[in-house]
Amino acid sequence: MIFITAIWPIIINTAVGVRNIPEDYRNVSRVLRLNGVEHFVKITLPAAAPYIFSGLRIGVGLSWLAIVAAEMLIGGVGIGFFIWDAWNASMISDIVLALIYVGIVGFILDRIVAALGKWVTRGTTTA
Amino acid sequence: MSKHYLTIEDVNKTFHTGGNTTEVLKQIDLTIDRGEYVSIIGHSGCGKSTVLNIVAGLIPATSGGVILDGKEVNAPGPDRSLVFQNHSLLPWLTVYENVAIAVDKTFKGSKTAAERREWVLKNLDMVNMSHALNKRPAEISGGMKQRVGIARALAMQPKVLLLDEPFGALDALTRAHLQDEVMRIQAELQNTVIMITHDVDEAVLLSDKIVMMTNGPAATVGEVLSIDLPRPRDRIALAEDVRYNKYRQAVLSFLHEKQRKVETLQQKREEKDAQPLHSAQSA
């Protein structure tokens with residue numbers, strides 16, 4: 001379920017990225033006579049990489065959200081259950097603490113993916 | 001069969017968009033000899049780039065054909081390398097890798113890895129870019145990018161080098177510098193070059209032959225002017241040369257008298273005066 005939540009923004013962003021490859025790059029590839037595989041590895045993937053990573057960032061945020069929600073429903077383990085438990089026990093301060101925790105973890109996950117994307121697509125985005 | 005190196009024979013090009021047909025090129029005939037430097041000049045929108053793209057094989061001609069060295073052109077290939085107006089280097093590759101991708105693809109079977117590396121370095125050296133091998137295109141200036149683009153095109157050892165307004169996006173000083181560089185390289189390698197340009201001075205300075213195109217739609221070759229100036233040419237000395245100025249004047253007169261793109265204000269005013277007032281308003 002978490003996978004299904006996260007996959008859509010990644011797919012859609014990748015599709016947009018592939019569609020937005022500048023005509024010039026495709027012409028370069030045609031003049032060089034790159035074949036299908038070479039074109040994909042050397043042109044399509046790097047050109048679409050920034051889009052793929054912005055999709056990944058959204059995907060990571062969504063899946064974190066889905067995980068917390070799932071834990072609330074399933075119960076037994078995790079931060080989601082902790083919030084649910086604290087709510088039932090009327091421990092407001094625990095809930096606030098847990099919410100801050102959820103926010104910080106989500107933020108860190110987002111930063112990690114962003115940094116990874118920045119490293120992989122170095123050079124591309126500034127051109 | 002003609003004995004020319006490159007022949008463009010009776011090329012027509014029409015574009016279909018929806019129900020409309022636009023005739024862009026009509027009966028383009030052109031012959032180019034080996035080692036010749038040919039410029040195509042004309043107003044924007046007259047189909048210069050279309051001609052070049054047809055020679056490159058990127059778009060097919062509606063009728064007619066291009067013959068290069070005895071073979072018909074019907075697909076893009078490394079024997080006709082293109083330098084684009086906006087350099088079109090791949091931004092995720094370094095300067096070295098951008099040239100290497102072309103060399104590796106073209107000479108995969110015929111050269112060893114060490115020879116290919118040597119060849120990449122030699123071509124980058126020729127355009128004076130050896131100092132920036134590991135920089136990415138985003139880190140170097142526009143003039144430098146264009147040099148790398150030229151190196152990439154030269155490295156494929158093309159039969160004909162196609163330049164699509166190669167200096168169009170550069171400032172005047174960088175442009176002059178690169179023109180000199182291209183002249184030097186051309187003198188050294190004796191390449192066959194087709195260059196598209198808007199710049200009259202550039203055309204006269206660099207070319208052996210200037211092809212002037214008429215205005216579109218249905219553009220065709222208007223005049224062909226042979227430039228008979230000794231090489232190497234020096235832009236400062238030529239500025240006072242009588243023949244140089246004559247050639248310049250010939251191209252200018254073609255572009256601005258015979259093939260005027262926009263009517264002058266004076267003409268417009270006269271036209272307006274000739275019309276009755278109400279129709280002028282409705283127009």
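Q: How many Å apart are the mean positions of the positive and negative charges of chain B?
A: This is a predicted model. Chain B carries 34 positive and 35 negative charges. Their mean positions are separated by 4 Å.

Q: What is the corresponding separation of the mean positions of the charges in chain A?
A: Chain A has 9 positive charges and 7 negative ones.

Q: How many helices and strands does chain A have, and how many does chain B have?
A: Chain A reads α-α-α-α-α from the N terminus. That gives five helices and zero strands. Chain B has both kinds of element: ten helices and ten strands.

Q: Which radius of gyration does chain B have, and why does it agree with a compact globule?
A: The C-alpha trace of chain B spans about 75 × 45 × 40 Å along its principal axes. A compact globule of 283 residues would come out near 19 Å. The value for chain B agrees with that, because it is 21 Å.

Q: What radius of gyration does chain A have, next to that of a compact globule?
A: The C-alpha atoms of chain A fill a box of roughly 70 × 25 × 15 Å along the principal axes. For 127 residues, a compact globule would be near 14 Å. Chain A instead has 20 Å.

Q: What share of the residues counts as buried in chain B, and what share in chain A?
A: Buried here takes a relative accessible area under 20%. Of the 283 residues of chain B, 49% pass. For the 127 residues of chain A, the share is 36%.

Q: Where does UniProt place the feature "domain: ABC transporter" in chain B?
A: The entry is unreviewed. Over the stretch concerned, the chain is 33% helix and 27% strand, and the end C-alpha atoms are 34 Å apart. The record places the feature at residues 6–240.

Q: Is T94(B) buried or exposed?
A: T94(B) sits in the loop between strand 6 (80–83) and helix 2 (95–106) of chain B. Beyond its neighbours within four places in sequence, T94(B) touches L133(B), N134(B), K135(B) and R136(B). Its relative accessible area is 10%, and the cut-off is under 20%, so T94(B) is buried.

Q: Why does M183(B) count as buried?
A: M183(B) belongs to helix 5 (residues 172–189) of chain B. A residue is buried under 20% relative accessible area. M183(B) qualifies because its value is 10%.

Q: What distance separates the C-alpha atoms of M183(B) and R231(B)?
A: Leaving aside neighbours within four places in sequence, M183(B) contacts L205(B), L206(B), R231(B) and R233(B). R231(B) lies 48 residues from M183(B) along the chain. Their C-alpha atoms are separated by 9.1 Å.

Notes. Residues numbered from 1 in each chain as written. Chains lettered and ligands numbered in written order. Predicted model: local features only at pLDDT ≥ 70, side-chain atom pairs only at ≥ 80, totals over all residues. Heavy atoms only, no water. Helix = DSSP H or I, 4+ residues; strand = E, 2+ residues; numbered from the N terminus. Rg over C-alpha atoms; globule rule 2.2 N^0.38 Å. Buried < 20%, exposed > 50% of the residue type's maximum accessible area, 1.4 Å probe, protein only. Lys, Arg positive; Asp, Glu negative; His and termini not counted. Charge placed at Lys NZ, Arg CZ, Asp CG, Glu CD. UniProt positions renumbered as here; feature names shortened; annotations may be inferred. Contact = heavy atoms within 4.5 Å.
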